[in-house]
Amino acid sequence: MTATDGGANDGGAGSGSGSGDGGTGPGGDTVAAVVRQWRAVHPDLDTGPMEIIGRINRCAALLQQAEDAPLRRAGLSRAEFDLLGALRRTGHELTPGELARETFSSGAAVTKRLKQLTERGLVERRGDTRDRRVAHVRLTDTGRDLVDGILPEQLAYESAVLSGVDAPRQGELAALLGGLLGQLEGRLDALRA
């Protein structure tokens with residue numbers, strides 16, 4: 001395995017980090033331990049990309065494990081909140097296809113989540129007057145109030161998570177990640193074309 005493996009369920013940045021140092025060592029994180037192990041096995045390979053991508057993946061896995069607490073209390077999954085949030089932040093009705101693009105989800109997943117959210121009275125679906133195959137989705141008042149109630153708590157949690165990084169470094173990190181994300185999205189869009 002590499003340091004880029006390891007989702008929220010396996011608790012590791014590459015599961016190869018179960019050495020005697022408990023997964024962390026002088027490098028201070030699990031990815032550092034994985035990189036040291038790979039360097040010992042393949043000293044001729046450049047592990048630099050692993051140090052970045054592995055840490056991004058590990059951070060994402062840890063954040064996903066913890067940050068959903070406010071959502072769980074509201075009875076929502078992260079994916080459901082993302083759909084509600086997309087409707088709230090765009091401020092208008094969206095089709096299921098548009099919601100899939102906004103939330104980076106598959107059409108089937110969006111359909112399933114919309115069914116659950118509709119049953120809970122958080123969204124409403126309206127048929128298109130010109131094309132019966134198309135549906136338009138909007139938040140109900142209850143759905144809007146739920147999103148508006150959860151968002152401040154979610155942002156407070158995220159601020160607490162980042163509190164160990166001073167504001168200028170947070171800005172630098174946001175800019176670096178934004179550049180990387182833009183580059184990756186551009187490549188993926190080009191591959192799809």
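User: How many helices and strands does the secondary structure of the chain come to?

Analyst: This is a predicted model, so local features need pLDDT of at least 70 and side-chain atom pairs count only at pLDDT 80 or more, while totals for chains, interfaces and linings use all residues. Residues are numbered from 1 along each chain as its sequence is written, and side-chain values use heavy atoms, with hydrogens and water left out. Helices (H or I, at least four residues) and strands (E, at least two) are DSSP runs, numbered from the N terminus. Here you get 8 helices and 2 strands, in the order α-α-α-α-α-α-β-β-α-α.

User: Let's take H6. What span does it reach from its first C-alpha to its last?

Analyst: The expected span of a helix is 1.5 Å times one less than its number of residues. H6 covers residues 107-119, 13 residues, and reaches 18 Å, close to the 18 Å expected.

User: Which residues of H6 are buried?

Analyst: Start with the general idea: an α-helix has 3.6 residues a turn, so residues three or four places apart point the same way. Buried means under 20% relative accessible area, exposed over 50%, and partly exposed in between (1.4 Å probe, protein chains only). In H6 the buried ones are Ala109, Val110, Leu114 and Leu117. They sit on the same side of H6 because they cover an arc of only 130° around the axis, taken from the directions from the helix axis to the C-beta atoms.

User: What covers those buried residues?

Analyst: Helices H4 (78-90) and H5 (96-103) are part of the cover, and so are strands S1 (123-127) and S2 (135-139).

User: And which exposed residues does the face turned away carry?

Analyst: That face has Ala108, Lys112, Lys115 and Glu119. Take Lys112: it counts as exposed because its relative accessibility is 56%.

User: Why does Leu177 count as partly exposed?

Analyst: Leu177, in H8, counts as partly exposed because its relative accessibility is 39%.

How values were computed
Contact means heavy atoms within 4.5 Å.
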